[in-house]
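Look through the sequence and the model below before reading on. The paragraphs after it walk through the main features.

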Amino acid sequence: MPTLFEKIIAREIPADIVHEDDLCIAFRDIHPQAPVHVLLVPKKPIVNLYDASADDQSLLGHLLATAPRIAERLGLGDAFRLNINNGTGAGQTVFHLHLHILGGRPFAWPPG
Ligand code: 5GP
């Protein structure tokens with residue numbers, strides 16, 4: 001059963017795509033929590049960081065290296081927050097790894 005994000009990657013569900021390369025895709029969250037709220041998703045359907053393997057290290061590095069470039073292109077400069085909800089207890093609702101890229105407003109610490 002493909003994940004929601006696999007369906008977006010396959011263009012079976014529409015999304016506002018802001019970046020795509022061989023390894024990942026980024027699109028705007030349907031329920032934005034900030035003026036800029038993008039989900040950065042590997043094309044490989046890894047469930048979450050806990051489920052990732054040693055083989056995924058370069059892919060995970062690619063995601064981290066790509067996020068700032070997307071943030072910059074969307075006008076956030078160096079002010080953005082990356083968030084990964086890992087597991088149901090931490091708020092994960094879509095079980096296909098994704099980084100939330102958030103920006104365009106002040107953020108509190110600690111997070112809620
Ligand atoms: P999680 O809670 O798993 O960390 O994040 C899942 C995110 O996916 C949520 O922020 C939610 O708003 C977003 N989302 C859920 N369904 C869709 C959809 O159909 N399209 C888009 N673009 N985002 C979605």
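What follows starts with the ligand and then turns to the protein chain.

This is a predicted model, in which local features need pLDDT of at least 70, side-chain atom pairs count only at pLDDT 80 or more, and totals for chains, interfaces and linings use all residues. Residues are numbered from 1 along each chain as its sequence is written, and side-chain values use heavy atoms, with hydrogens and water left out.

There are 16 residues around the ligand, and Arg28, Asp29, Asn85, Thr93 and His100 come nearest; a residue belongs here if one of its heavy atoms lies within 4 Å of the ligand. By type, this shell divides into 7 nonpolar, 7 polar and 2 charged residues. Here Ala, Val, Leu, Ile, Met, Phe, Trp, Tyr, Cys and Pro count as nonpolar, Asp, Glu, Lys and Arg as charged, and the others, Gly among them, as polar.

Some atom pairs can be picked out. An oxygen atom of the ligand lies 2.8 Å from a polar side-chain atom of His100, and a polar side-chain atom of His98 is 2.9 Å from an oxygen atom of the ligand. Taken alone the ligand exposes 530 Å², and the protein buries 83% of that (accessible areas come from the Shrake-Rupley method with a 1.4 Å probe).

Which elements give two or more residues to the shell around the ligand? They are α1 (4-9) and β2 (24-28), and α1 gives the most, with 3 residues. Helices (H or I, at least four residues) and strands (E, at least two) are DSSP runs, numbered from the N terminus.

The whole structure holds 1 aromatic pair. The ring centres of Phe5 and Phe27 are 5.4 Å apart and their planes are at 70 degrees, so the pair is edge-to-face; rings pair if their centres lie within 6.5 Å, and planes over 60 degrees apart count as edge-to-face. Phe5 lies in helix α1 and Phe27 in strand β2, so the pair ties together parts 22 residues apart in sequence.

Two backbone details remain. Most residues other than glycine have a negative phi, and most peptide bonds are trans. Arg11 is not a glycine, yet has a positive phi of about 65 degrees; Arg11 lies in the loop between α1 and β1 (17-20). The peptide bond from Trp109 to Pro110 is cis, with omega near 5 degrees, and Pro110 is found in the segment after β5 (99-103).

Notes:
Polar contact = N/O pair within 3.5 Å; in protein donor to acceptor, adjacent residues only side chain to side chain. Phe/Tyr/Trp six-rings, centres within 6.5 Å; stacked < 30°, edge-to-face > 60°.
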